[in-house]
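Biologist: Before I use any labels from this one, I'd like to hear what stands behind them. Can we go through them together?

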Amino acid sequence: MKTASKIYTGLVMLFLFAPIAILLVFSFNGAKSLSVFSGFSLHWYEELFRDSETLGAVKNTLILAVSAALISTVMGTAAAVGIHRLRNRYLRLALDTATNIPMINPDIITGISLMLMFVFVGRLFGAATSLNFGTMLIAHVTFCLPYVILQVLPKLQQMDQALPEAAMDLGCTPLRAFLKVEIPEIFPGVLTGLIMAFTLSLDDFVISYFTSGNGFQTLPIRIYNMTKKTVTPKMYALATIIFFVILAMLLLSNLLDANTAQTVKEAKEKKKARK
Amino acid sequence: MRKDSNKSGLGLIRSLALAPYSVWALLFIVVPLIFVAYYAFTDNNYQFTTENLTRFFTATSQVSSGEATREVRTYLLIFVRSLKLAVISTAICLLMGYPFALMISRASAKTQGVLITLIMIPMWMNFLIRTYAWMTILQDTGILNGLLGALHLGKIHIIGTESAVVIGMVYDYFPYMILPIYSVMAKMDVKLIEAARDLGCSGAGVLRRVIWPLSLPGVISGVEMVLIPSISTFYISQKLGNGKFYLIGDAIESQYVANNLHFAAAIAFILMLVLLVGMALLQRMANKRAMA
């Protein structure tokens with residue numbers, strides 16, 4: 001790279017990481033100040049681990065993200081399989097349009113629209129509060145679904161279309177052909193979809209904000225409530241932990257990718273050598 | 001015979017597989033949007049009214065600048081302000097991001113991987129935390145002013161201004177601009193660029209006539225991915241704008257908090273229509289460009 005490029009890269013990285021670095025540094029600050037560093041301390045981490053509301057929010061977030069990811073992955077994979085072979089042009093267009101809506105619409109509109117429906121339906125049944133864990137789960141599954149479908153569809157298109165039929169010619173039942181032949185072929189897409197759905201759900205604030213009841217608080221909503229008042233560096237400690245968890249996850253997935261790439265490469269070389 | 005029944009069996013499985021999603025999409029994607037329109041056009045007793053929409057266009061409030069006080073259309077002003085800040089942020093992201101995406105796509109495969117991972121790390125941090133980090137930097141007693149003070153450069157007041165909100169938007173959504181442009185550029189055929197060079201095209205000519213038109217789909221999706229969240233945000237303006245001025249997202253959120261669901265729906269309805277028209281125009285412009 002040329003010098004100018006290197007300098008520009010450096011500046012962009014400074015812009016991207018300086019704010020995060022500041023959070024990390026000040027999470028270890030002895031005092032409450034956010035601009036003067038007065039000595040290393042783990043005080044704010046202790047505070048964080050004594051904060052039962054935040055810990056509860058972490059638990060809620062994980063429960064919600066795991067449920068939403070599993071449901072949207074199963075339903076989305078099934079949907080992709082159906083959409084892939086759909087011959088009716090109008091039905092296909094309608095489904096594609098519906099799938100695009102949550103991705104194009106701003107989160108605030110997705111959130112508001114679901115909230116209005118939940119409130120209306122809740123009123124019909126005379127419920128005092130219509131927003132709860134269930135409504136949040138519905139909302140999360142809804143915004144995760146398109147991403148799962150978009151991960152699985154290309155894998156179906158890449159698959160040899162004759163494979164499931166060949167399996168059936170060889171005596172497989174349709175269900176068995178689907179489970180034993182099609183699913184393994186598209187599995188990498190399903191897995192990526194699952195991971196995407198999980199992280200999207202984990203990270204969502206806006207849609208959760210409009211569809212959550214009072215009782216169920218996820219981590220982003222907890223952070224929102226914390227930053228409403230004056231913030232203690234406790235939130236910085238939380239941000240630091242989140243940062244390192246993300247970093248570890250990214251490194252791990254890169255490592256796994258490199259590993260699979262390596263195994264595939266080796267397998268190919270072995271194949272070549274045999275020939 | 002058996003083969004045929006088997007094939008229709010597979011077809012049946014596929015139709016059955018699609019059924020739950022079709023119902024789900026109808027119930028939780030399409031119907032809620034109808035509810036936005038329904039709430040926008042009804043009053044608290046669910047009777048038809050156009051008052052919510054009229055209120056959006058006609059509500060006025062007093063703005064005092066110095067001595068003079070003038071009357072402004074509250075929500076139109078908010079809308080124009082949101083559009084202005086979102087467009088500025090998107091333009092900055094594009095100006096900063098386009099050369100950067102180009103640079104990454106020209107680097108070695110290994111460097112590309114590292115740089116893309118680095119860009120994605122802040123994206124994975126929750127945007128509330130990212131925005132909050134800027135609040136601590138830009139505050140009057142924050143790190144920026146501490147730094148300026150230490151260098152004897154005086155102090156600047158930036159928190160609570162539109163500039164602070166733009167900084168927040170650019171920071172939060174910058175990676176969303178780079179990634180789609182980069183992914184288009186990475187797939188670009190290098191031979192096209194070499195061919196243009198061989199045929200006597202200058203460096204700038206290659207950029208303008210070859211790289212830019214080819215990267216346009218990436219630019220369009222980058223613009224959409226920055227513009228849409230910027231125009232509809234409410235957290236960034238609350239934190240970095242100190243809640244001193246509203247954006248369209250704040251208007252919706254505050255009506256929601258005040259339990260004025262019908263007016264909140266009306267604002268959301270208008271925002272949705274404007275975005276729909278805007279995106280269609282953008283797409284059309286791009287198609288025309290690509291054809292020319």
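**Strands and confidence**

Biologist: What makes β1 (residues 60–65) and β2 (residues 68–73) of chain B a strand pair?

Modeller: Six bridges join these two antiparallel strands. Pairing takes at least two DSSP bridges, so β1(B) and β2(B) pair. The hairpin has two residues between its strands, and G66(B) takes a positive phi near 70°. Strands here are DSSP runs of E with at least two residues, helices runs of H or I with at least four, numbered from the N terminus.

Modeller: Bear in mind that this is a predicted model, where local features need pLDDT of at least 70 and side-chain atom pairs pLDDT 80 or more, totals for chains, interfaces and linings use all residues, and side-chain values use heavy atoms without hydrogens or water. Residues count from 1 along each chain as its sequence is written, while chains are lettered from A and ligands numbered from 1 in written order.

Biologist: Which elements of chain B have the lowest and the highest mean pLDDT?

Modeller: β1(B) is lowest at 80, and helix α3 (residues 74–106) is highest at 95. pLDDT is the predictor's per-residue confidence, from 0 to 100. Chain B averages 88, with 97% of its residues at 70 or more. For the complex, ipTM is 0.89 and pTM 0.88.

Biologist: Why is S27(A) called buried?

Modeller: Its relative accessible area is 0%. Buried means under 20%, exposed over 50%, partly exposed in between (1.4 Å probe, protein chains only), so S27(A) qualifies. S27(A) sits in the loop between α1 (3–26) and α2 (43–50) of chain A.

Biologist: And what makes F57(B) partly exposed?

Modeller: F57(B), in helix α2 (residues 51–58) of chain B, has a relative accessible area of 40%, so it falls between those two limits.

Biologist: How do you know that S27(A) and Y45(A) make a polar contact?

Modeller: Their side chains come to 2.8 Å.

**The pocket**

Biologist: What lines the second largest pocket?

Modeller: There are 27 lining residues, with L131(A), S212(A), G213(A), N214(A) and Y256(B) nearest its centre. Both chains contribute: α5 (107–124) and α10 (219–228) of chain A, plus α11 (248–257) and α12 (261–291) of chain B, each supply at least two.

How values were computed:
On a 1 Å grid over the protein atoms alone, a cavity is a set of points where a 1.4 Å probe fits but cannot get out, and a pocket is an open set with protein on both sides within 12 Å along at least five of seven lines; lining residues have an atom within 4 Å of a point. A polar contact is a pair of N or O atoms within 3.5 Å; within protein, one must be able to donate a hydrogen and the other to accept it, and residues adjacent in sequence count only if both atoms are side-chain atoms.
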